[in-house]
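Here are my notes for someone opening this one for the first time. Have the structure in view while you read, and take the points in order.

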Amino acid sequence: MQLQAKYKEIKEKEVRFESILCDDAEYLIVAFGSAARIGQKVIEMCREDGIKVGMLRPITLWPFPSKEVSRLSRQVKGILSFEINAGQMVQDILLATNGQTPVAHYGRMGGVVPAPDEVIQALKEQLIK
């Protein structure tokens with residue numbers, strides 16, 4: 001019981017994230033670490049092309065910023081989980097959105113870092129149809 005109370009307090013007080021251009025976003029990228037650096041260029045390039053993309057960058061993966069993802073899922077048309085791994089974070093995003101908006105995943109493994117153009121192509125193919 002005491003441990004559950006501690007977990008609850010951590011989830012309420014220790015969530016850390018950064019929102020980038022999310023206020024008017026129609027599409028959202030959720031990315032952390034190196035992928036977030038690429039994601040910043042992606043949103044810049046998309047906005048130059050008239051596509052309103054924002055990014056949520058989790059700073060803590062636990063506790064995950066579920067409340068913020070849920071809030072943003074009600075305003076956007078789709079969310080792209082962009083990860084340089086096998087896609088472990090996409091499950092957290094799916095749980096947070098609870099089916100409110102489409103969620104897609106784009107990622108790479110094995111140390112291959114995607115270029116911003118590849119991420120934009122994945123965003124367009126999977127969410128902007």
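How many of the 6 residues of β4 are buried? Keep that in mind; the first point picks it up. Bear in mind, too, that this is a predicted model.

1. **The strand β4.** Of the 6 residues of β4, 6 are buried, so the strand is largely enclosed by the rest of the structure. In a regular strand, side chains alternate between the two faces of the sheet. You can follow that here: Gly78, Leu80 and Phe82 point one way from β4, while Ile79, Ser81 and Glu83 point the other way, and all are buried.

2. β4 belongs to an open sheet of 5 strands, ordered β1-β3-β2-β4-β5, with mixed pairing. At the edges stand β1 and β5 (103-107), each with a single partner strand, so one side of each has no neighbour in the sheet. From one strand to the next, the twist averages 20°.

3. **Who sits on either side of β4.** On one side, β2 and β4 pair in the parallel sense over 4 bridges. Look for Tyr27 opposite Gly78 of β4, and for Leu28 opposite Ile79. With β5, β4 also pairs in the parallel sense, this time over 5 bridges.

4. Beyond its neighbours within four places in sequence, Ser81 is in contact with Val30, Met89, Val90, Ile93, Ala104, His105 and Tyr106.

5. **Helix α3 and its cover.** Which residues of helix α3 (residues 66-73) are buried? They are Glu68, Val69, Ser70, Leu72 and Ser73. Among the elements that cover them are β1 (17-20), β2 (27-30), β3 (53-58), β4 and α4 (89-97).

6. **How α3 meets α4.** The axes of these two helices come within 8 Å and cross at roughly 60°, so α3 and α4 are oblique to each other. The crossing of α3 past α4 is right-handed. On the α3 side the contact is made by Ser66, Val69, Ser70 and Ser73, and on the α4 side by Ile93, Ala96 and Thr97. Sorted by type, the residues of this contact are 3 nonpolar, 4 polar and no charged.

7. **Pro58, a last stop.** Pro58 lies in strand β3 and counts as buried, with a relative accessibility of 3%. How many residues apart in sequence are Pro58 and Ala31? They are 27 residues apart in sequence, and 6.9 Å apart in space from C-alpha to C-alpha. Not counting residues up to four places away in sequence, Pro58 touches Arg16, Phe17, Val30, Ala31, Phe32, Phe64, Pro65 and Met89. Val30 and Met89 also turn up in the contacts of Ser81.

Definitions and conventions
Residues numbered from 1 in each chain as written. Predicted model: local features only at pLDDT ≥ 70, side-chain atom pairs only at ≥ 80, totals over all residues. Heavy atoms only, no water. Contact = heavy atoms within 4.5 Å. Buried < 20%, exposed > 50% of the residue type's maximum accessible area, 1.4 Å probe, protein only. Pairing = 2+ DSSP bridges. Axes fitted to C-alpha atoms, helices over the stretch in contact; angles between N-to-C directions. Parallel < 35°, antiparallel > 145°, perpendicular 65-115°, else oblique. Left-handed = near helix turned anticlockwise from the far one by under 90°. Nonpolar A, V, L, I, M, F, W, Y, C, P; charged D, E, K, R; others polar.
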